[in-house]
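Subject: Structure for your review

Dear colleague,

Please find the structure below, followed by an account of what was found in it.

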Amino acid sequence: MDHTKLISDLIRVVGQGAVLYRPEELLVYEADGHTIDKAAPRAIVLPSSTEQVSQVLRYLHQTGIPFVPRGAGTGLSGGSLALENGVVVCTARMRRILEVDIPNLRAVVEPGVANIRLSQEVGHGYAYAPDPSSQAACSIGGNVAENSGGPHCLKHGFTTNHVLGVELVLPEGEVVMLGGKAEEYPGLDLRGFVIGSEGTLGVVTKVMVRLVRVPEAVKTLLAVFDTVDSATRTVSDIIAAGVIPSALEMMDHVVIQAVERSPVAAGYPLDAAAVLLIELDGPPEGFDWEMAQVREICQRHQAREVRVAKDDKERALLWRGRKHAIGAVGALATAFYTQDGVIPRKRLPELLALVADVAKRYQLTIGNVFHAGDGNLHPLIVYDANDGDAPRRVQQAGGEIMAACVAAGGSLSGEHGIGLEKREYMPLLFSGADLAAMAQARAAFNPDGRCNPGKVFPTSTGCGEVGAITKPGVLPAVA
Amino acid sequence: MAGQEQPRQAPGFDQLDPFNLRKAQSCIHCGLCLEHCPTYRETGNEAASPRGRIYLMRAVAGGRMGMTQAFVDQMYLCLDCRACESACPSGVPYGQLVEAARGQIERNRRRPWWQSRLRQLVYAQLLPSPALLALAFWPARFYLALARRWPVERLLPSRLRALSELLPREIGAPFWPAHYQQVPAQGQARRRLAFFSGCVMSFALPDVHRVTLQVLARAGCAVETPPEQTCCGALAVHAGERGIARALARRNIAVFEKLGVDQVVVNSAGCGAMLKEYGELLARDHQYAERAHRFAHQVKDVSEVLFELPRPPMRPLPVKVAYDEPCHLQHGQRISAQPKQLLQEVPGLELVKLPGADRCCGSAGIYNLTQPAMSQRLLAQKVQAVQDSGAQVVATGNPGCILQIRRGLRQAGSPIPVVHPVELLDQAQRGT
C-alpha cells in the first residue's frame with residue numbers, strides 16, 4: 001500500500017507527532033535490548049488510549065499490514081522487532097497509573113508504566129512484587145508479554161502470579177477484558193494465556209495488578225567463593241535444606257569485573273571466582289534459624305567471606321551491582337548477548353563447566369549472572385561490535401548452551417521470552433504436536449498471523465507463518 | 001535553532017575534531033536511561049532518548065546516514081541535562097557525545113548568514129565581554145522599568161518575549177569583579193580561593209555573587225576574583241561552537257593559573273560542570289591539555305567548599321524550602337548531598353519533599369529560548385510540583401534554573417521566591 005497514505009491515515013487516528021516515519025526514526029526502532037538481529041519497521045505509532053489502539057489495529061486489519069506491540073524496548077529476545085516490514089504499536093505514551101486501591105491490594109495501570117514507578121507511587125509499605133533487573137525502564141506491558149521474572153521471583157512469583165486481569169485489543173480491533181479486578185473468574189483462564197504470549201495475541205492496554213505488603217524484615221548477604229563450583233553447590237544445598245530465600249543470585253568473575261569497573265560498583269571482591277547474593281525476608285521470627293542455616297551451608301562450601309548488609313544503604317549497594325550487571329558489561333565490551341536457559345538446580349555445576357568450555361572453544365568471553373535459586377542461567381556473552389564475525393560465533397555458542405540446557409532437563413527461557421532469537425530452538429523442547437496446539441490457540445486470537453509475525457514459533461516446522469528472516473550482516477551494522 | 005539549515009548529507013563525521021566512537025560504543029542499548037530522559041518521557045519517541053540519539057550518532061559515524069535534518073533536530077531537542085549519565089550502568093559520557101555531535105553539525109552545515117553572525121556575536125563577543133553585557137543590560141533595565149508600568153511584554157515577538165520573561169523583575173547593580181579583587185576572610189583565614197564569576201550572572205543575578213563572597217568570607221575563605229576572567233564557554237559548547245569555547249577555556253586557565261590558589265570556587269552549576277570538563281575540551285591541545293586537567297581538578301562548587309569548612313553561627317530561619325537539583329550539579333558534577341545538608345543545618349529551616357526535584361526544569365542553558373515548546377512542558381511540571389510541595393521558597397544553585405523557575409511561578413501567579421542556597425545561608429548567618 002502507498003506509504004504516504006498509510007502515514008497520513010495513521011496520523012488521522014492518533015494525531016501529528018504520534019506517528020514516526022522518518023528514516024532516522026525507523027532506524028532507532030530496528031533493535032531492542034537484543035542487538036544481534038535487526039529489522040526496521042515501516043512506521044511507529046504512539047497511541048494514547050485504548051480507543052486509539054483499537055482504531056489503529058482496526059485500520060491495520062483492513063489494510064492487511066502486520067504490526068508488533070512494543071513497550072520500552074528493553075526486551076532481550078528481539079520480541080519487539082517489526083518483521084515483515086510491519087508497524088510498531090508502541091505503548092510509551094500510555095503511562096498513567098489509573099487506580100491504586102490499597103485496601104483491596106490492587107492497582108490498575110496502563111501498559112507503558114515503568115515497572116519501578118508503580119512501586120514508587122504506591123508507597124505506604126506496599127509494592128508490585130515482580131522486579132526484573134531492567135525494572136528502572138521496562139514497562140508493565142512488556143512484563144505481561146514476557147511473563148517477566150526477576151531476582152525476587154524465587155519466592156514471590158512471576159508476573160503471572162501478580163496480574164489479575166488485562167484489557168486486550170485483539171488484532172482486528174475488538175477490545176476484550178480477560179480476568180479483571182477480582183481474585184478469581186470462572187471460564188477459561190485467558191488472562192494466563194496472554195501473559196507470556198510475547199505480543200502475539202494483541203496489544204494489552206490496561207493491566208490490573210496485585211499489590212503486596214513490603215516484607216517486614218529483610219536480610220541481604222553476600223557470600224564470596226574461590227570456585228564457581230562451591231558457589232553452585234551452596235545454591236543447591238540452601239534450597240535442599242528447606243530455606244526459600246526471596247532471592248538467590250550468582251555472579252561470576254567476569255561479571256564482577258564488569259560491575260566493579262563501572263559506575264555501579266558494589267564492592268564485590270575483584271579476585272573472587274563467584275559471589276552469591278542471598279536475601280531472606282518475612283516476619284522476623286523465623287529469621288535466626290534461616291540465617292544460621294545459610295551461613296552454615298556457605299561455610300561448609302568454603303565461602304571465603306559471608307558479609308551481611310548492615311542497613312538499607314548497604315543492601316541497596318549490594319543490589320545496585322546485581323540489578324545493573326547486564327548494562328555494566330559496556331565497561332568490558334561494546335556488545336553483548338544474553339541467554340536465558342533454565343536447568344534443574346542440581347545440574348548447575350556441570351552446566352557452568354560447559355559454558356566455560358564453550359567460551360574457550362569459540363574464543364568468547366562469557367560471564368554468568370543469574371537467578372541461581374530457580375536455576376535460571378544468564379550466560380552473558382560479550383563481544384566487540386566491530387568484529388564482523390562475532391555475531392555468528394556468539395549465536396553458535398548460544399545455541400550449544402541452549403541445547404545443553406534442554407538436554408539437562410531444563411528449558412530455553414526463564415523470563416526473556418523466545419522472541420526472534422530463540423525461535424528455531426523451539427523443536428528442541430516441544431514436539432510438532434505441541435507446537436501445532438500452541439499455533440492453533442494463537443490463531444484463535446490472531447488468525448492471519450499479522451500480530452507480531454515471525455516470533456516464538458520456528459520458521460521451519462510449517463505451523464508458524466514463514467517470517468522475514470533477518471540475519472546478522474544483512475543490514476550494515478551500526479558502528 | 002534548527003529549521004532552515006542545510007546539513008551535510010554525506011555519511012560520516014569529519015575528522016577535524018574526531019568523534020569518539022569508542023565512547024559511543026560503550027552504550028550497549030540496554031535502555032536503562034529511558035525513564036530518566038525528559039524528552040523521551042514527554043514524546044515516547046526513542047529517537048528522542050539517550051540510547052536512540054547515540055544509535056543515530058553511531059549510524060552517522062559508521063556511514064549509514066548523513067547529518068540529516070532529523071538527526072540535527074534530535075541532537076538539539078536534547079536538553080543536555082545528563083540525567084541519563086547518572087542512570088547509565090556502563091558510564092557512557094553522554095554529555096560529551098551529544099556536545100561533540102553538535103560540534104560536527106555546526107562545522108559541517110551552512111546556517112543562514114544572519115544566524116551565523118548572531119551566534120558569533122553572542123558566543124564569541126557578547127558573553128565573554130562584561131562591557132558588552134553591561135551595554136546589553138542597560139536597555140534591559142530601561143525596558144523593565146517600562147514593563148512595570150505598561151504591559152509592553154505582550155507586544156514583543158515570541159522569542160524576545162521569552163527572553164523578557166526570563167529577566168528578573170528587579171536587577172541590582174552589576175557585579176564588577178574589579179571591585180571584589182580581594183575579599184579577606186572574616187576571623188581565622190582557612191583557605192585562599194579564587195572566585196569564578198562568569199558572564200551573564202554578574203548582570204542578571206549580581207547579588208548572588210556578592211552574597212557568595214560574604215558567605216565564603218564568614219567560613220574563613222580569603223577570596224580573589226580576577227577581573228580578566230571570562231565566560232566559561234558552556235553555552236558555546238551546548239551550541240556546538242567548540243572553537244569559541246576552547247578559546248575561552250584557554251583564557252580562563254591562564255588567568256586563574258597566575259593566582260596560585262588551591263581551589264577555584266563557582267556558584268553556578270552550569271559553569272562548574274563546564275570548568276570541570278576543561279581537561280576533556282582541551283585534550284588535543286598540546287600546550288593546554290595538561291594545564292586544563294590541573295585547572296579542572298581545582299574547580300569546586302560553592303556547596304562543596306562550604307561543606308568542608310566549619311559553619312559560622314546561624315540564627316533560626318523558620319521557612320519551608322524545596323531544594324531543586326540543578327542538572328549540572330547533580331548529574332554533571334554528582335553533587336547532591338552537600339547543598340541539602342548545608343540547608344538542613346540551618347536552624348528552623350525545613351526541607352520539604354519536592355517530587356521530581358531531580359528532573360530538569362527546562363532551562364538547560366538557553367534551551368528555553370531555542371526549544372520553547374518542550375521547555376514550557378517541563379517547566380509546567382516543575383511549577384506544579386513546587387506548588388504541591390507546600391514550600392515557601394525554592395532553592396537551586398544555578399542561574400538558569402533560578403530564572404526559569406521564577407518565570408514559571410510568576411506566570412502561574414505564585415508568590416514563591418526562587419533563590420540560590422547561599423542566599424538562605426547568608427540570611428541565617430545575618431539573622432535577618
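Between chain B and chain A, 17 residue pairs are in polar contact, both residues having a pLDDT of 80 or more. A polar contact is a pair of N or O atoms within 3.5 Å; within protein, one must be able to donate a hydrogen and the other to accept it, and residues adjacent in sequence count only if both atoms are side-chain atoms. On the side of chain B that touches chain A, the elements giving two or more residues are α1 (21-25), α2 (38-43), α3 (50-61) and α4 (69-77) of chain B; helices (H or I, at least four residues) and strands (E, at least two) are DSSP runs, numbered from the N terminus. The most comes from α3(B), with 6 residues. By class, this side of chain B holds 16 nonpolar, 13 polar and 8 charged residues, where Ala, Val, Leu, Ile, Met, Phe, Trp, Tyr, Cys and Pro count as nonpolar, Asp, Glu, Lys and Arg as charged, and the others, Gly among them, as polar.

The model is predicted: local features need pLDDT of at least 70, side-chain atom pairs count only at pLDDT 80 or more, and totals for chains, interfaces and linings use all residues. Residues are numbered from 1 along each chain as its sequence is written, chains are lettered from A and ligands numbered from 1 in the order in which they are written, and side-chain values use heavy atoms, with hydrogens and water left out.

The predictor assigns the complex an ipTM of 0.92 and a pTM of 0.93. Chain B has an average pLDDT (the predictor's confidence in each residue, from 0 to 100) of 93, and 97% of the residues score at least 70.

In all, 37 residues of chain B are in contact (heavy atoms within 4.5 Å) with 46 residues of chain A. The rule finds 4 salt bridges across this interface, a salt bridge being a side-chain nitrogen of Lys or Arg within 4 Å of a carboxyl oxygen of Asp or Glu. B:R64 and A:E30 form a salt bridge through their side chains, at 2.8 Å from N to O.

Over all chains, the search of the whole structure finds 57 salt bridges. A:D9 forms a salt bridge with A:K5, with the closest N and O atoms 2.7 Å apart. Both A:D9 and A:K5 belong to helix α1 (residues 3-14) of chain A, where they are 4 residues apart, about one turn of the helix.

Yours sincerely
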